Amino acid sequence: RELEREAAAKRAPGVPGRRDPNIVYFETELRSALGAKTNITERAGKGSVTIQFHSPAELAEIVKKIIE
């Protein structure tokens with residue numbers, strides 16, 4: 001089920017299975033830099049960035065990396 005949700009989240013609205021390669025690149029870069037799963041959603045030039053964490057300590061490390 002988790003894989004199904006991830007696959008569905010990666011589909012661009014109106015274009016099943018296709019995502020902007022720039023968005024995929026930025027998502028990968030964030031994931032690498034932060035050491036956490038990230039998701040970027042974008043539509044018509046606007047969007048959001050989601051960063052997953054699993055503990056308060058992990059969140060603190062992510063925030064530390066962002067503000068450095």
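Glu-27 is found in helix α2, which spans residues 21–34 (helices, H or I, of at least four residues are DSSP runs, numbered from the N terminus). The model is a predicted one, in which local features need pLDDT of at least 70 and side-chain atom pairs count only at pLDDT 80 or more, while totals for chains, interfaces and linings use all residues. Residues are numbered from 1 along each chain as its sequence is written, and side-chain values use heavy atoms, with hydrogens and water left out.

**Surroundings of Glu-27**

- Glu-27 counts as buried because its relative accessibility is 3% (buried means under 20% relative accessible area, exposed over 50%, and partly exposed in between, with a 1.4 Å probe and protein chains only).
- Leaving aside residues up to four places away in sequence, Glu-27 touches Arg-19, Thr-38, Asn-39 and Ile-40, a contact being heavy atoms within 4.5 Å.

**Salt bridges**

- The structure holds 2 salt bridges, each defined as a side-chain nitrogen of Lys or Arg within 4 Å of a carboxyl oxygen of Asp or Glu.
- One joins the side chains of Glu-27 and Arg-19, with an N to O distance of 3.2 Å; Arg-19 is partly exposed, at 22% relative accessibility.
- Glu-27 also forms a salt bridge with Arg-31, where the closest N and O atoms are 3.8 Å apart, and Arg-31 is partly exposed, with a relative accessible area of 32%.
- Glu-27 and Arg-31 both lie in helix α2, 4 residues apart, which is about one turn of the helix.

Technical notes. Helix = DSSP H or I, 4+ residues; strand = E, 2+ residues; numbered from the N terminus.
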